[in-house]
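Student: Could we go through this structure together, one step at a time? I'd like to see how each answer is worked out.

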Amino acid sequence: MPILGVHPPARPAMSSHAQQMPEMDSPATIRDRGAVGAVLLTVRAAAGQVVAFAGTLVLAHQLSPRSFGLVAFGATVVVIGDFFADGGLGATLIRKARHPTVEELQTLLSAQLGMATLLALAITAVGVQAGTAGAVTAVMACSLPLLALRAPHAIALERELRYAPIASVDFTESLVYYGWAIGAVWLGWGVWGLASAAVVRALTGSVLMTMASPLHVLTPRLDVATLRSMLGFGIRFQAVGLAALARTQGVNLVVAAVGGAQMLGYWSLANRVLQAPFWVFQALWRVSYPTMARLRALGEDTRHVVERLARMTALVSAAVLAPLAASAHALVPALFGAPWAQAADPMPWACAGLMVSGPISVATAGYLYSELDARTPLRATIVNGLIWVPLTAVLIGPLGVAAAGIAWMVASWAEAVIFARALRRREALRIERVILVPVAIGFAAAVVAGITSPPFSSDLAVGIVTAGVALIAFTALSLAFNRRDVHAAARRMRSLR
């Protein structure tokens with residue numbers, strides 16, 4: 001029986017010889033698949049965020065901020081473990097001009113599964129001796145080998161730019177995670193219900209990804225020579241991820257060290273809510289790299305693709321971020337309860353940072369990776385982290401959890417400058433001018449909505465009206481000053497029907 005659009009593959013597993021044949025898709029086909037993939041991932045991720053928002057809303061009324069903080073700490077450790085288990089090998093296979101061979105995919109699976117198992121055992125051994133936080137982390141670490149099982153299947157689907165099954169798996173994972181977590185917490189498991197949901201989600205996602213993949217079931221088989229050939233670009237690519245991981249988790253650790261588990265709980269909830277607009281960037285980041293790599297392999301000039309991607313991302317992201325920035329302080333306590341009011345403090349600042357940096361990084365990072373330039377993304381990520389983590393540490397004492405959002409904004413702007421300069425040197429393209437109008441309109445809409453405070457006694461009514469005013473203002477200003485991008489986005493959506 002098909003599950004949410006994920007069907008078992010109808011064709012047989014690809015042979016090693018077939019996977020070494022050059023890919024014959026035309027540039028137009030690749031661009032269309034990339035655009036369709038971005039839309040599919042965005043729509044399905046939006047649906048997933050609705051589930052996540054509803055699930056977080058329920059859980060916030062069942063669990064304390066401290067419980068959220070404990071799970072956030074465990075998630076930090078698991079993310080770090082998953083990162084080191086990955087090794088950047090998948091990025092190497094995505095950027096190749098030919099399909100990966102079965103031997104390469106088996107080597108990928110063997111390396112990642114072996115490393116994930118070792119890390120899970122080590123985390124568990126330490127965690128069971130480190131109190132409640134350690135035990136929660138040990139439970140969540142059991143998801144690491146399960147996550148590794150899906151790696152070759154995800155690579156095979158992304159190489160073909162087949163994002164429909166990937167989007168369906170992502171959505172189903174979200175349903176399973178929150179369904180399990182809410183049910184387990186309701187049964188009295190408390191924080192353990194939320195921790196065990198991470199394992200159930202990983203198992204579900206890996207099974208469904210295997211079913212959706214054209215590879216069927218792969219057995220791990222390590223070939224040292226193949227592994228060595230995959231490590232070159234993989235290490236450079238992974239260095240960027242390492243810097244990003246250190247930055248993100250560094251902020252979590254600083255918040256926890258200075259503010260304790262409760263403040264980390266506020267920051268965790270803020271991050272969960274910010275995932276609602278972040279799905280726009282996640283979908284486009286995921287699609288841009290394999291699409292750019294395929295186009296560059298065919299000798300295509302991707303300058304115009306970069307420009308169009310930046311324009312569309314700036315338009316869509318500003319339409320989402322402006323209402324959130326304007327309404328956060330009313331909606332968060334209204335939806336999650338008064339004890340969670342402080343979780344809204346970082347959100348407007350984070351939205352201001354994402355509105356500028358998101359479109360630039362989405363359009364530029366995939367292009368640079370396709371040009372074998374991992375140095376610029378690495379430099380941008382390091383600078384981002386060197387601003388975000390220390391600035392959070394300096395400001396969190398006097399400003400509370402809002403410090404993390406302010407530091408995020410400043411760090412994001414600095415990262416955007418580095419990406420923009422790199423693109424200007426390579427392609428003489430001033431990406432900041434491309435996104436200037438939609439970003440300015442987004443800021444203006446948020447300010448207009450923020451100063452137009454409706455005279456309601458209910459925070460929920462205030463938040464809804466404020467968000468609506470921001471969206472109406474953004475739409476009106478876009479039609480007045482950015483009609484070209486609005487019409488281009490409408491034409492693109494019609495062409496994807």
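Predicted model: local features only at pLDDT ≥ 70, side-chain atom pairs only at ≥ 80, totals over all residues.

Student: At roughly what angle do the axes of H13 and H16 cross?

Tutor: H13 covers residues 347-370 and H16 covers residues 431-451. Their axes come within 10 Å. Angles over 145 degrees count as roughly antiparallel, and this pair is therefore given that label. The axes cross at roughly 150°.

Student: Is that crossing right-handed or left-handed, and which residues of H16 make the contact?

Tutor: H13 passes H16 in a right-handed crossing. On the H13 side, the contact is made by Ala352, Met355, Val356, Pro359 and Ile360. On the H16 side, the residues are Ile431, Ile435, Val439, Gly442 and Phe443.

Student: What about H12 and H13: how are they oriented to each other?

Tutor: The axes of H12 and H13 come within 8 Å and cross at roughly 165°. That makes H12 roughly antiparallel to H13. The crossing of H12 past H13 is right-handed. As for the residues in contact, there are no charged ones, four are polar, and the nonpolar ones number 20. So the orientation you asked for is roughly antiparallel.

Student: And how many charged residues does the contact of H14 with H15 have?

Tutor: H14 (residues 375-399) packs with H15 (residues 402-427) at an angle of about 160°, and the axes are 7 Å apart. H14 and H15 are therefore roughly antiparallel to each other, and H14 passes H15 in a right-handed crossing. By class, their contact has 21 nonpolar residues, five polar ones and, for charged residues, three.

Student: Zooming out, how many helices does the protein have?

Tutor: The protein has 497 residues, and 53% of them count as buried. Looking at contacts with a separation of 6 or more, 85% are between residues 24 or more positions apart. In its secondary structure there are zero strands, while the helices number 18.

Student: Now some single residues. Is alanine 197 buried or exposed?

Tutor: Alanine 197 lies in helix H10. Leaving out residues up to four places away in sequence, it touches Tyr177, Trp180 and Ala181. Alanine 181 is 16 residues from alanine 197 in sequence, with 5.3 Å between their C-alpha atoms. The cut-off for buried is under 20% relative accessible area, so at 0% relative accessibility, alanine 197 counts as buried.

Student: Is tryptophan 186 buried or exposed?

Tutor: Tryptophan 186 is found in helix H9. In sequence, tryptophan 186 and glutamine 62 are 124 residues apart, yet their C-alpha atoms are 7.9 Å apart in space. The cut-off for exposed is over 50%, so with 67% relative accessibility, tryptophan 186 counts as exposed.

Student: What relative accessible area does leucine 147 have?

Tutor: Leucine 147 lies in helix H7. Apart from neighbours within four places in sequence, leucine 147 is in contact with Asp82, Ala202 and Ser206. Buried is under 20% and exposed is over 50%, with partly exposed in between. Leucine 147 is partly exposed, because its relative accessible area is 22%.

Key:
Residues numbered from 1 in each chain as written. Heavy atoms only, no water. Axes fitted to C-alpha atoms, helices over the stretch in contact; angles between N-to-C directions. Helix = DSSP H or I, 4+ residues; strand = E, 2+ residues; numbered from the N terminus. Parallel < 35°, antiparallel > 145°, perpendicular 65-115°, else oblique. Left-handed = near helix turned anticlockwise from the far one by under 90°. Contact = heavy atoms within 4.5 Å. Buried < 20%, exposed > 50% of the residue type's maximum accessible area, 1.4 Å probe, protein only. Nonpolar A, V, L, I, M, F, W, Y, C, P; charged D, E, K, R; others polar.
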